[in-house]
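Me: I have a two-chain model open here. Can you walk me through it?

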Amino acid sequence: MTETKSPKSKRRPWVIGGVVVVLGVFVYLLYGGLDKNVVFFLTPQELLAKGTAGYDVPVRLGGQVKAGTVKWDDKTLRLTFQVTDGKSEVAVQSSGAPPQMFRDGMGVVVEGRFGRDHVFNSTGLMVKHSNEYRAPKAGEKPQEMYKTLIKGSGS
Amino acid sequence: MTRLLAHDSILVSLVVVLFGMATVPVALRTGRRNLLPYAFAAVYTNFFLISVAAIGMVYALVTHDFSIGYVAQVGSRSTPLLFTVISLWGALEGSILFWAWVLSMYAAAVVWINSRRPGNLVPYAAATLLFVSFFFAILLLGPADPFGSVSPVPADGPGPNPLLQNHILMAIHPPLLYLGYVGMSVPFAFAIGAMLSGEVETDDWMRLTRRWTLSAWGFLSAAIIAGMWWSYEVLGWGGYWAWDPVENASFLPWLTATAFLHSAMVQERRGMLRLWNLNLVVGTFLLTILGTFLTRSGIVSSVHAFTTGTIGYFFLAFIAIVMLASLAMVAGNSERLRSTGRFDSPASRETVFLLNNLFLTAFMFTVLTGTLFPLVAEAIKGVKVSVGEPFFNRMSLPIVVTLLFLMGVGPALPWKSASKAELKAKLLPPAIGAALFLVIGVVAGARNVYSLLAFTFAGYAAFANLREYWIGMRARHTAHGEGWGTALVRLVGGNKHRYGGYTAHLGVILVALGVAASSTFRTEHEATIKPGETISVSGHTLRLKSMWGREEKQRSVVGATLEVMNGAAVRGTMEPHMNFYPMSQAPVPTPAVRSGFLGDLYVNLQAFRPDGSNATIRVIYEPLVPWIWFGGGVVVFGALIAIFPSGMFSARRVEA
């Protein structure tokens, strides 16, 4: 082992000081990063209750697709619908195709920002699956819905 | 019959495990070492009993024995055999059983290989593994009992979660993950064993567990890559990583285990970081348990979270016990854990390893904070929040580019200290690689500072690591007149640890390039087109040929056939489709991927008119994504090189 000129005792404070500074900066960055990037999960009622504080901040809005409000233009890829929690509704606008079999009453979570025009601009749309098995109603089976595509393979 | 046999096996295993755990301290404290074989026999018996339970479950799944709770939950007569077998890990109870099985296997292997070693280390390590087995046996008898009876017996079941039976990677990703996760129990057990037996001073526990740690790390690396690949191939969003809590859960122990692989070398060569290494090993194990808690307790919602039940409390209690007991042991051993060496110079390999550990740990804490923050916020303030991707990206990018740079500096520097001339000779040439990759990045159109830094440092690290091979090969070539191929084989064979590590570095660089390129240069286009119409993205044109549907045994499929065009000529076809499983309300997307050396053409069927008259198609060009999968393979290959049994060249020891 080679002898070194600077003894351990002289270097210690420098090292500890360095560690403290690095840790401080790190925690500060973590805090700052979290502060700006926390996304609240809200229901329509909670979002509207926020008033102006609810505008233009990232939000995940959860609820059901209100019956009869889904409009999808497959030329412009513009999708609009309303999300309801049974008490309030929020109009949502998104671009891109809705999930296949997107239907009324389905649980959804949309991620995006609520604009001052009271339209929620969605950048991500997730369908909430219920874990329990539910037998498809008549006409909801893919074989029936897409019978022109799935023909005659019979099972 | 199967139910009783399997269930009773677990019950008996609980008794056997308790007996084994009690025997070890009795035998060692009272000096009756002749009792130890009984403790080891308990380890083997436990392996046998859990195997009976696990194989019994597979048998029950395959024979569709719906009287067993788990089979009734995930089985279905129409599911193909392969997916029936792998539904062993398709839901909560089965995955806990699988975990216990892998753990009992590791424990048996550890005892089989090490039982003749004198001293108290191995018996205590065996007792520690039995303690972890005990916890899982309790889960299997309580909150995660797979063998509950069902009455009346249903005629058929719903089948596994559609997402989990849609791709072959589901047969690969979970076992790899479990082998990696559970494998981290072995170094943990040896660390605890070393502290209980007072053998921490000798560092022998680290030598004994080196291969175990490396294999677990290799499995975990492979599992993470396979998980990314699955996400890419099944979820249809064109990405592979979203900082989802379950992805983070697999990544957290990987970070600390990677840190340990590096700092272990500092301890071996320089006798430093003893205390730190113990904490890393314990921390890695705790993170694997935390990961299981996050993914299995239903506390975060995802495809991995199966049910909400009481199982979360069991995990929290276990984590608390392990944390407190380990901390107490580490504190009790702190006298024995003094460093025998010290840092000589900042310009040395150990400094780089120290920085590597600092950044990997900071990375871990960042990801951990982002992952746990929603739980803490909900528990304390009662608000439901999630931490967005921007947080993870913003925080991790500086760390990642620094780690890439360090990966180039570390291999180039010698231990102890480097002279100015050495520094110049070692650190300057890789700048050629850095400049080259920077230019490529700029020419390709990257303007974001982090992607440019990533390309630059990836180039630096690639050059530096390849150069190490070159220097070694050239030395052998000149000194012994060996051919280049022989020189390479003997060089690597002579220090498998070192060159295995450099190979793993090259793999990580490939992954980093894939991630940097695909997140910088990705282009996508979505449009609704009719048969005969085309859609284009960055020079690739696809023409919708037809829409089709078919019925399969367990699902219905609707798909689109698209022709890949080259001018007027058709170069091939792609068939993105949607799989409709009867138990699921929403279809499972199945994108089509066409891979080339420079990237993937990724096509997903987003939506279609029920009569097939049009389809909404999303086309993404994903540069260098195949490099990620290939790089993952290179990382695993590096781990394999380092694990491979020592040959005639491996006796080389470096003076410390």
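Reply: One term before the strands: two strands pair if DSSP finds at least two bridges between them. Helices (H or I, at least four residues) and strands (E, at least two) are DSSP runs, numbered from the N terminus. This is a predicted model, where local features need pLDDT of at least 70 and side-chain atom pairs count only at pLDDT 80 or more, while totals for chains, interfaces and linings use all residues. Residues are numbered from 1 along each chain as its sequence is written, and chains are lettered from A and ligands numbered from 1 in the order in which they are written.

Me: ok, S9(B) and S10(B), how many bridges?
Reply: Four, in the antiparallel sense, between S9(B) and strand S10 (residues 599-608) of chain B. B:Arg594 has B:Leu601 in S10(B) as its bridge partner.

Me: What's the strand order in that open sheet?
Reply: S2-S11-S10-S9 in chain B, four strands with antiparallel pairing. Strand S2 (523-529) and strand S9 (592-595) are at the edges with a single partner strand each, so one side of each has no neighbour in the sheet. From one strand to the next, the twist averages 15°.

Me: Switching to helices. At what angle do H6(B) and H8(B) cross?
Reply: Roughly 130°, with the axes of H6 (residues 121-141) and H8 (residues 185-196) coming within 7 Å. Axes are lines fitted to C-alpha atoms, for helices over the stretch in contact, and angles run from 0 to 180 degrees between N-to-C directions. That makes H6(B) oblique to H8(B); under 35 degrees counts as roughly parallel, over 145 as roughly antiparallel, 65 to 115 as roughly perpendicular and the rest as oblique.

Me: And which residues meet there?
Reply: Among them, B:Leu121, B:Tyr124 and B:Leu129 in H6(B), and B:Phe190 and B:Ile192 in H8(B). The residues of this contact divide into 11 nonpolar, three polar and no charged. Ala, Val, Leu, Ile, Met, Phe, Trp, Tyr, Cys and Pro count as nonpolar, Asp, Glu, Lys and Arg as charged, and the others, Gly among them, as polar.

Me: Now A against B. How many residues are in contact?
Reply: 36 of chain A with 41 of chain B, contact meaning C-beta atoms, placed from the backbone, within 7 Å. On the chain A side, the largest share, seven residues, comes from H1(A). That side divides into 21 nonpolar, 11 polar and four charged.

Terms used: Contact = placed C-beta atoms within 7 Å.
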